[in-house]
Amino acid sequence: MDVNEGYFVHFFSPTELPPLRKHVVFVLDVSGSMEGRKLGQLKEAMFAILDDLDEGDYFNLVEFSYSVTVWHLDLAAASSVFSPLNLHQYDEDEPKPHPGPTPAFPATPEYIAKAKEIIRKMRAGGGTNIHDTLKTAIRVAHEGLINVTSAREGGKVPEPIIVFLTDGEPTVGEVRPNKILSTVSEFNEHPESAIFSLAFGDDADFVFLKRLSLRNSGFARKIYEAADASLQLRDFYRQVASPLLANVTFAYQPGQVEENSVTRHKFHTLFAGSELVVAGRLDPGLSTPGSWEVGGSSLDGSTVFPVVRKLAASSLERMWAYLTVQQLLEQHEAQNEADSRPYLDQEENITSTSSMIDDSGQDSKEKALKLALQYSFVTPLTSLVIVKPNETSSVDSEAIHPSKYLSLLW
């Protein structure tokens, strides 16, 4: 931890922690637009990703286009299939068919081989039913471990992760992005499954997928249609392949930190190779923080990490401001202005960025703009204006070399 001039920045990146077991639900788009090269690249990437699953992990395979199929690896005929046509035959108040739970399958060579064979036979065709697919994937993540008794030995249930890949926009069933987001928020509770989205190609709605992931403790990535698309998919998976801690919380003693100054301090998951950063202002009159700690759920159970270093550093105020601006912009993207207020009010407890800053109701975009202008940050809300002198005969490249000014940021 760095402390200086009334500000603190807390870096957290523990080492030598064994990875948590995980339950990964792979949700793959096989609609008509995936035909050809993209489907081939997806298959190539999935073969490698399945081989990277660790012993003790579990997984499920979901494919979707017009309908949604949850594959049963022991008996393909027992696989669950959702079809919007079937659902439309029921009145709004009438119970709709609900397929029985498909067990999560252990990442053994036998089941990995079965999954590869299913992926090898996948064919593209049909529309893009994102609404029913996400509801189904969440159900699979929540219920998939019910019949796997060994998964609950010692109370250590694998960490649920949904990897959602699509190359298009919703075209079947519910197609309104805000309504889809609201439905996902309603379904994805107790426990919450982190949703990581992959936008494959230029036709995917990356803005929607980014909001989807931000609201569900994940992140989104764009996969470009190029020769290395398969490698891009594998690199993405490596970022989430090794969760180390779940439900990470930075705890600061009351009266030591200025109220509403702390950036986001609760995180769904910490992955290997990543770092969590929290910044804030100390309470006026307090120069040195007391006994602070970070807690989370590790493979060995509940674990607490005390703060072991307190170092003086310069310009922490600007680092605090930068982190605050970045997270306010994420909050604004997750809660887009086009959202309807009733949906947002129901989702406050599941928005991954909802715990940061404050609950005053002030628009996050306005707060981000105010801070960006105050500290002269270039952001999507602000700009950098360079005025060229009227009389300039030459430019001294050495005088304006960027390396001379890198140290001025902090």
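This is a predicted model: local features need pLDDT of at least 70, side-chain atom pairs count only at pLDDT 80 or more; totals for chains, interfaces and linings use all residues.
**Figure 1. Salt bridge between Lys-116 and Asp-51.** The two side chains meet at an N to O distance of 2.8 Å. The pair links distant parts of the chain, with Lys-116 in helix H3 (residues 109-120) and Asp-51 in helix H1 (residues 37-51), 65 residues apart. Lys-116 has a relative accessibility of 18% and is therefore classed as buried, the cut-off being under 20%. Asp-51, at 48% relative accessibility, counts as partly exposed.

**Figure 2. Salt bridge between Lys-114 and Asp-74.** The closest N and O atoms of this pair lie 3.5 Å apart. Distant parts of the chain are again linked: Lys-114 belongs to helix H3, whereas Asp-74 is located in the loop between strand S5 (68-70) and strand S6 (80-82), 40 residues apart. Lys-114 is partly exposed, its relative accessible area being 27%. Asp-74 likewise counts as partly exposed, at 42% relative accessibility.

**Figure 3. Salt bridge between Glu-258 and Arg-281.** An N to O distance of 3.0 Å separates the two side chains. Glu-258 lies in the loop between strand S11 (243-251) and strand S12 (266-271), and Arg-281 lies in strand S13 (residues 276-281); the pair links distant parts of the chain, 23 residues apart. Glu-258 is partly exposed at 25% relative accessibility, and Arg-281 is partly exposed with a relative accessible area of 22%.

**Figure 4. Network of Lys-22, Asp-54 and Asp-57.** The structure as a whole holds 13 salt bridges.

Definitions and conventions. Residues are numbered from 1 along each chain as its sequence is written. Side-chain values use heavy atoms; hydrogens and water are left out. A salt bridge is a side-chain nitrogen of Lys or Arg within 4 Å of a carboxyl oxygen of Asp or Glu. Helices (H or I, at least four residues) and strands (E, at least two) are DSSP runs, numbered from the N terminus. Buried means under 20% relative accessible area, exposed over 50%, partly exposed in between (1.4 Å probe, protein chains only).
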